[in-house]
Amino acid sequence: MIVTKAPAACLIGWPAAHSRSPLIHHYWLRTLGIAGGYVIEAVPPDDLRDFVLRLSLRGFVGANVTIPHKEGVLALSTPDARARAVGAANTLWFEDGELRSTNTDVEGFINNLDASAPGWDRVEEALVLGAGGSSRAVVFGLVERGVARVHLANRTIARAEALAKQFGPNVRPLSWDGINDVLPRAKLLVNTTSLGMHGQPALDIDVARLPQASVVADLVYVPLVTPLLAAAKARGLRTADGLGMLLHQAVRGFALWFGRTPEVTAELRALVEADLTKT
């Protein structure tokens, strides 16, 4: 008798213990009736190369990748166009025996916007705050979707300039002091910084300066409703939160590993919300 082991994926990070990814993937495995597994693997930077190159020998069909390994795995895999453009990968899988990598933060952000604020992509100008790794995925997604002008504001203007140079003429670097000048034209405002997160300073942005039809997105999901989103909601603006992006970015990895495309449902969101709000 041939015994086949159920497929399993993992999360590679250092540290990684507080990730909600196992909760998400175990929910989908259970609801879709798939025999499979998903575990956390805490991998120190010095061990990354050995761990990734022996991924299949360790019994894994793929992996998610989180801080600080998102850049490091590019050289250990064959990245697709998104991973190359963003300069980071968060998903690994095997295709025809080859270890491939991609960045699903792009579609996680875009698909969450589509679900939360349908029609948002009719905007001509967007304002993105921050120029870190998450910002790269956001800017790539906006440019790919056809937004004509993406203003990129960062406290260190050189970082915004470097990112704008990479993504082309649709992206305009902006000093932090210039934010108020752009707000009245920005139909989409995206916070990719950690400002507003628990334990971090608040994001000092006057949402009253935004057009009434604007959409406000925040990648922070602890707290679920950041001060920025609370101010936007109080003004009647449509919003997209960081938890929605977290859920949507997980979809394609699951499909690549387990062969079924899962759905982001209200039940799943409620499950993760409850976990986030545990005291």
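Domain bounds here come from an automatic or database domain assignment. The model is predicted: local features need pLDDT of at least 70, side-chain atom pairs count only at pLDDT 80 or more, and totals for chains, interfaces and linings use all residues. Residues are numbered from 1 along each chain as its sequence is written, and side-chain values use heavy atoms, with hydrogens and water left out.

**View 1. The protein is divided into two parts, domain 1 (8-102 + 245-277) and domain 2 (106-240).** Their C-alpha centres lie 26 Å apart. Twelve residues of domain 1 are in contact with 18 residues of domain 2 (contact: heavy atoms within 4.5 Å). The two domains bury about 1,400 Å² between them. Of this area, 65% is on carbon and sulfur atoms. Buried area is the accessible area (1.4 Å probe) that two parts lose on being put together, summed over both.

View 2. A salt bridge puts a side-chain nitrogen of Lys or Arg within 4 Å of a carboxyl oxygen of Asp or Glu. Three salt bridges are counted between domain 1 and domain 2. Arg82, Val86 and Met245 supply 45% of the area that domain 1 buries against domain 2, more than any other three residues.

View 3. Strands (E, at least two residues) and helices (H or I, at least four) are DSSP runs, numbered from the N terminus. Two strands pair if DSSP finds at least two bridges between them. Strand 5 (residues 91-95) and strand 6 (residues 98-102) run antiparallel, joined by five bridges. Thr91 has Thr102 as its bridge partner in strand 6.

**View 4. Arg269 lies in helix 11 (residues 266-276).** At 23% relative accessibility, Arg269 counts as partly exposed (buried is under 20% relative accessible area, exposed over 50%, partly exposed in between; 1.4 Å probe, protein chains only). Arg269 touches Asp241, Leu243, Gly244 and Leu247, not counting residues up to four places away in sequence. The C-alpha atoms of Arg269 and Gly244 are separated by 7.8 Å, with the two residues 25 apart along the chain.
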